[in-house]
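Subject: Structure for your files, with notes

Hello,

Please find the structure below, with the sequence.

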Amino acid sequence: MKIAFLFSGQFREVPCDLFRKSLSNFTKDLDYGIFAYTWEEIGESLNHRNKIPKMDLDNIDYKIKYLFNEFNLLEYGHERFKNFEKNLKPQHREIFISKKYDFGTINSLPQIYTLNKSFQLLEKSIYKFDLVFRCRFDSIFIHPIKYFPLSEMLSNNIIYNLNFGRAYYPYRIYDIFFGGSRNSMNFISTIWSEIPSLVKNNFENGLDKRDSCRILYLAASLNKSKVKNFPSRICDVY
(Lines give C-alpha, C1' and ligand atoms only; values in the text may rest on other atoms or scores of the structure.)
Protein backbone atom coordinates (compact mmCIF):
# COMPACT_ATOMS: atom_id res chain seq x y z
CA MET A 1 0.00 0.00 0.00
CA LYS A 2 1.43 3.35 -1.07
CA ILE A 3 0.28 6.58 0.61
CA ALA A 4 0.55 10.17 -0.62
CA PHE A 5 0.67 13.11 1.79
CA LEU A 6 -0.22 16.47 0.29
CA PHE A 7 1.24 19.35 2.29
CA SER A 8 -0.37 22.57 1.14
CA GLY A 9 -1.27 26.07 2.24
CA GLN A 10 0.87 28.81 3.70
CA PHE A 11 4.22 27.89 5.22
CA ARG A 12 4.18 29.00 8.85
CA GLU A 13 7.03 28.77 11.31
CA VAL A 14 6.85 25.92 13.83
CA PRO A 15 9.70 24.36 15.85
CA CYS A 16 11.36 22.30 13.14
CA ASP A 17 12.63 19.53 15.44
CA LEU A 18 9.18 19.08 16.95
CA PHE A 19 7.52 18.93 13.54
CA ARG A 20 10.06 16.46 12.16
CA LYS A 21 9.82 14.21 15.22
CA SER A 22 6.03 14.15 14.92
CA LEU A 23 6.23 13.48 11.16
CA SER A 24 8.65 10.61 11.76
CA ASN A 25 6.18 9.08 14.19
CA PHE A 26 3.29 9.74 11.79
CA THR A 27 4.94 8.02 8.80
CA LYS A 28 6.53 5.12 10.72
CA ASP A 29 6.87 1.90 8.67
CA LEU A 30 4.98 3.32 5.67
CA ASP A 31 5.57 3.26 1.93
CA TYR A 32 4.79 6.90 1.26
CA GLY A 33 5.56 10.00 -0.76
CA ILE A 34 5.19 13.71 0.05
CA PHE A 35 4.00 16.39 -2.36
CA ALA A 36 4.06 20.02 -1.23
CA TYR A 37 2.85 23.34 -2.58
CA THR A 38 3.01 26.70 -0.84
CA TRP A 39 3.59 30.43 -1.22
CA GLU A 40 7.01 32.03 -1.37
CA GLU A 41 5.87 34.39 1.37
CA ILE A 42 5.92 33.22 4.98
CA GLY A 43 3.04 34.39 7.17
CA GLU A 44 1.01 33.90 10.32
CA SER A 45 -2.42 32.47 10.98
CA LEU A 46 -5.38 34.80 10.47
CA ASN A 47 -6.52 33.75 13.95
CA HIS A 48 -9.76 35.77 13.93
CA ARG A 49 -8.01 39.06 13.14
CA ASN A 50 -9.75 41.85 11.25
CA LYS A 51 -6.99 42.19 8.66
CA ILE A 52 -4.61 39.82 6.89
CA PRO A 53 -1.24 39.46 8.71
CA LYS A 54 1.84 40.69 6.86
CA MET A 55 3.52 38.12 4.61
CA ASP A 56 7.29 38.27 4.05
CA LEU A 57 9.33 36.75 1.24
CA ASP A 58 11.70 34.03 2.37
CA ASN A 59 13.97 31.31 0.95
CA ILE A 60 11.13 28.83 0.66
CA ASP A 61 13.19 26.25 -1.28
CA TYR A 62 15.62 25.94 1.60
CA LYS A 63 12.85 25.78 4.20
CA ILE A 64 10.91 23.01 2.43
CA LYS A 65 14.01 20.92 1.74
CA TYR A 66 15.20 21.33 5.32
CA LEU A 67 11.80 20.54 6.82
CA PHE A 68 11.42 17.32 4.82
CA ASN A 69 15.08 16.29 4.76
CA GLU A 70 15.33 12.47 4.99
CA PHE A 71 11.59 12.17 4.41
CA ASN A 72 10.37 11.03 1.01
CA LEU A 73 9.67 14.41 -0.57
CA LEU A 74 8.92 13.52 -4.19
CA GLU A 75 7.90 16.90 -5.60
CA TYR A 76 7.17 20.41 -4.43
CA GLY A 77 6.25 23.78 -5.87
CA HIS A 78 5.66 27.38 -4.82
CA GLU A 79 4.74 30.78 -6.22
CA ARG A 80 4.40 34.42 -5.19
CA PHE A 81 1.10 35.15 -3.49
CA LYS A 82 0.95 38.50 -5.26
CA ASN A 83 1.10 36.71 -8.61
CA PHE A 84 -1.76 34.47 -7.53
CA GLU A 85 -3.86 37.54 -6.72
CA LYS A 86 -2.92 39.25 -10.00
CA ASN A 87 -3.76 36.21 -12.14
CA LEU A 88 -7.12 35.33 -10.62
CA LYS A 89 -9.90 34.86 -13.16
CA PRO A 90 -12.79 37.37 -12.85
CA GLN A 91 -15.22 34.95 -11.15
CA HIS A 92 -12.61 33.82 -8.65
CA ARG A 93 -11.47 37.40 -8.03
CA GLU A 94 -15.03 38.53 -7.33
CA ILE A 95 -15.37 35.86 -4.63
CA PHE A 96 -11.92 36.53 -3.20
CA ILE A 97 -12.33 40.29 -2.73
CA SER A 98 -16.07 40.40 -1.98
CA LYS A 99 -17.11 41.96 1.31
CA LYS A 100 -20.38 39.99 1.43
CA TYR A 101 -18.59 36.92 2.80
CA ASP A 102 -17.28 36.56 6.33
CA PHE A 103 -13.75 38.00 6.61
CA GLY A 104 -12.66 34.85 8.44
CA THR A 105 -12.97 32.94 5.14
CA ILE A 106 -10.61 35.24 3.19
CA ASN A 107 -7.95 32.49 3.05
CA SER A 108 -10.30 29.80 1.72
CA LEU A 109 -9.52 30.35 -1.96
CA PRO A 110 -5.71 30.49 -1.53
CA GLN A 111 -5.91 27.36 0.62
CA ILE A 112 -7.94 25.42 -1.94
CA TYR A 113 -5.70 26.66 -4.74
CA THR A 114 -2.54 25.27 -3.13
CA LEU A 115 -4.34 22.02 -2.31
CA ASN A 116 -5.32 21.67 -5.96
CA LYS A 117 -1.73 22.42 -7.04
CA SER A 118 -0.32 19.78 -4.67
CA PHE A 119 -2.78 17.26 -6.14
CA GLN A 120 -1.56 18.17 -9.63
CA LEU A 121 1.96 17.23 -8.53
CA LEU A 122 0.60 13.87 -7.38
CA GLU A 123 -1.16 13.32 -10.70
CA LYS A 124 2.11 13.86 -12.59
CA SER A 125 3.99 11.35 -10.43
CA ILE A 126 5.26 8.13 -11.98
CA TYR A 127 4.15 6.32 -8.82
CA LYS A 128 0.63 5.06 -8.15
CA PHE A 129 -0.81 5.84 -4.73
CA ASP A 130 -3.61 3.98 -2.98
CA LEU A 131 -4.44 6.52 -0.26
CA VAL A 132 -4.18 10.32 -0.24
CA PHE A 133 -4.19 12.65 2.79
CA ARG A 134 -4.14 16.44 2.99
CA CYS A 135 -1.79 17.90 5.63
CA ARG A 136 -0.66 21.34 6.81
CA PHE A 137 2.87 22.63 7.28
CA ASP A 138 2.03 23.82 10.80
CA SER A 139 0.50 20.61 12.18
CA ILE A 140 1.96 18.38 14.87
CA PHE A 141 1.19 14.67 14.48
CA ILE A 142 0.28 12.67 17.55
CA HIS A 143 0.50 9.01 16.53
CA PRO A 144 1.31 6.83 13.48
CA ILE A 145 -1.33 6.86 10.78
CA LYS A 146 -1.05 3.07 10.54
CA TYR A 147 -3.15 2.89 13.74
CA PHE A 148 -6.13 3.67 11.51
CA PRO A 149 -7.79 0.90 9.40
CA LEU A 150 -5.97 1.84 6.21
CA SER A 151 -6.85 -1.37 4.37
CA GLU A 152 -10.52 -0.68 4.99
CA MET A 153 -10.15 2.81 3.51
CA LEU A 154 -8.88 1.32 0.25
CA SER A 155 -12.16 -0.39 -0.51
CA ASN A 156 -14.60 2.47 0.00
CA ASN A 157 -15.40 5.94 -1.31
CA ILE A 158 -15.23 7.67 2.07
CA ILE A 159 -13.26 10.75 3.11
CA TYR A 160 -12.13 10.72 6.73
CA ASN A 161 -11.53 13.89 8.73
CA LEU A 162 -11.26 15.24 12.30
CA ASN A 163 -14.74 16.75 12.60
CA PHE A 164 -15.60 15.61 16.11
CA GLY A 165 -15.41 16.69 19.75
CA ARG A 166 -15.03 20.45 20.26
CA ALA A 167 -14.28 20.82 16.53
CA TYR A 168 -17.58 19.27 15.42
CA TYR A 169 -19.75 21.09 12.92
CA PRO A 170 -22.37 19.25 10.82
CA TYR A 171 -21.93 18.63 7.11
CA ARG A 172 -18.39 19.81 6.66
CA ILE A 173 -14.88 18.48 6.07
CA TYR A 174 -12.62 19.89 8.77
CA ASP A 175 -9.82 21.08 6.53
CA ILE A 176 -6.72 20.71 8.73
CA PHE A 177 -6.35 16.99 7.92
CA PHE A 178 -8.44 14.63 5.80
CA GLY A 179 -8.09 11.84 3.29
CA GLY A 180 -9.04 8.43 2.02
CA SER A 181 -8.75 6.30 -1.10
CA ARG A 182 -7.36 7.87 -4.26
CA ASN A 183 -10.81 7.60 -5.83
CA SER A 184 -12.53 9.40 -2.94
CA MET A 185 -10.01 12.25 -3.14
CA ASN A 186 -10.19 12.78 -6.91
CA PHE A 187 -12.57 15.70 -6.42
CA ILE A 188 -9.53 17.81 -5.54
CA SER A 189 -8.37 17.64 -9.16
CA THR A 190 -11.24 19.89 -10.31
CA ILE A 191 -12.18 21.79 -7.14
CA TRP A 192 -10.32 24.98 -8.05
CA SER A 193 -12.08 25.46 -11.39
CA GLU A 194 -15.41 24.66 -9.72
CA ILE A 195 -15.06 27.27 -6.95
CA PRO A 196 -17.56 29.77 -8.46
CA SER A 197 -20.31 27.16 -8.81
CA LEU A 198 -19.58 25.66 -5.39
CA VAL A 199 -19.82 29.05 -3.67
CA LYS A 200 -23.08 29.85 -5.45
CA ASN A 201 -24.56 26.39 -4.80
CA ASN A 202 -27.73 26.39 -2.68
CA PHE A 203 -26.26 23.86 -0.22
CA GLU A 204 -26.58 25.18 3.33
CA ASN A 205 -24.82 23.90 6.44
CA GLY A 206 -24.75 27.16 8.40
CA LEU A 207 -21.21 28.08 7.38
CA ASP A 208 -20.29 31.03 5.20
CA LYS A 209 -20.62 30.27 1.48
CA ARG A 210 -16.88 30.90 1.04
CA ASP A 211 -15.83 28.72 3.97
CA SER A 212 -13.33 26.07 2.83
CA CYS A 213 -14.87 23.38 5.06
CA ARG A 214 -18.24 23.90 3.34
CA ILE A 215 -16.68 23.98 -0.13
CA LEU A 216 -14.70 20.77 0.48
CA TYR A 217 -17.74 18.92 1.82
CA LEU A 218 -19.93 20.03 -1.08
CA ALA A 219 -17.32 19.17 -3.72
CA ALA A 220 -16.78 15.73 -2.19
CA SER A 221 -20.53 15.07 -1.98
CA LEU A 222 -21.04 16.01 -5.63
CA ASN A 223 -18.26 13.51 -6.40
CA LYS A 224 -20.33 10.83 -4.61
CA SER A 225 -17.84 10.60 -1.74
CA LYS A 226 -19.18 10.11 1.77
CA VAL A 227 -17.62 11.81 4.80
CA LYS A 228 -16.82 10.16 8.12
CA ASN A 229 -14.66 10.90 11.15
CA PHE A 230 -11.38 9.37 12.21
CA PRO A 231 -11.54 7.58 15.59
CA SER A 232 -8.86 9.85 17.10
CA ARG A 233 -7.35 13.31 16.67
CA ILE A 234 -4.17 12.30 14.92
CA CYS A 235 -2.91 15.88 14.61
CA ASP A 236 -3.67 19.49 15.36
CA VAL A 237 -2.36 22.89 14.30
CA TYR A 238 0.62 23.99 16.37
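A salt bridge here is a side-chain nitrogen of Lys or Arg within 4 Å of a carboxyl oxygen of Asp or Glu. This is a predicted model, in which local features need pLDDT of at least 70 and side-chain atom pairs count only at pLDDT 80 or more, while totals for chains, interfaces and linings use all residues. Residues are numbered from 1 along each chain as its sequence is written, and side-chain values use heavy atoms, with hydrogens and water left out.

Salt bridges

The count comes to seven salt bridges. One of them joins Glu204 and Lys209, with 3.6 Å between the closest N and O atoms. Glu204 is exposed, at a relative accessible area of 55%. For accessibility, buried means under 20% relative accessible area, exposed means over 50%, and partly exposed is in between (1.4 Å probe, protein chains only).

Another salt bridge is between Arg12 and Asp138, at 3.6 Å from N to O. This pair links distant parts of the chain, 126 residues apart: Arg12 is in the loop between strand 1 (2-8) and helix 1 (16-26), and Asp138 is in the loop between strand 6 (131-135) and strand 7 (139-141). Helices (H or I, at least four residues) and strands (E, at least two) are DSSP runs, numbered from the N terminus. Both Arg12 and Asp138 are buried. Together with Arg136, they are linked in a network of salt bridges.

Lys146 and Asp29 also form a salt bridge, their closest N and O atoms being 2.8 Å apart. Here too the pair links distant parts of the chain, 117 residues apart, with Lys146 in the loop between strand 7 and helix 6 (150-154) and Asp29 in the loop between helix 1 and strand 2 (31-39). Lys146 counts as partly exposed because its relative accessibility is 35%, whereas Asp29, at 63%, is exposed.

Which residues of helix 1 are buried? They are Cys16, Phe19, Arg20, Ser22, Leu23 and Phe26. These residues cover an arc of only 165° around the axis, so they sit on the same side of helix 1; the arc is that of the directions from the helix axis to the C-beta atoms. Asp17 and Lys21, on the other side of helix 1, are exposed. The cover over the buried residues of helix 1 includes strand 1, strand 2, helix 2 and strand 7.

In helix 2 (residues 60-67), the buried residues are Ile60, Lys63, Ile64 and Leu67. They line one face of the helix, because they fall within an arc of 95° when seen down the axis of helix 2. An α-helix has 3.6 residues a turn, so residues three or four places apart point the same way. The buried residues of helix 2 pack against helix 1, strand 2, strand 3 (41-42) and strand 5 (73-79).

Asn157

Asn157 is in the loop between helix 6 and strand 8 (158-161). At 22% relative accessibility, Asn157 is partly exposed. Not counting residues up to four places away in sequence, Asn157 touches residues including Ser181, Asn183, Ser184 and Ser225 (contact means heavy atoms within 4.5 Å). Asn157 and Ser225 are 68 residues apart along the chain, with 5.3 Å between their C-alpha atoms.

The side chains of Asn157 and Asn183 are joined by a polar contact of 3.0 Å. A polar contact is a pair of N or O atoms within 3.5 Å; within protein, one must be able to donate a hydrogen and the other to accept it, and residues adjacent in sequence count only if both atoms are side-chain atoms. A polar atom of the Asn157 side chain also lies 3.4 Å from the backbone nitrogen of Ser184.

Regards
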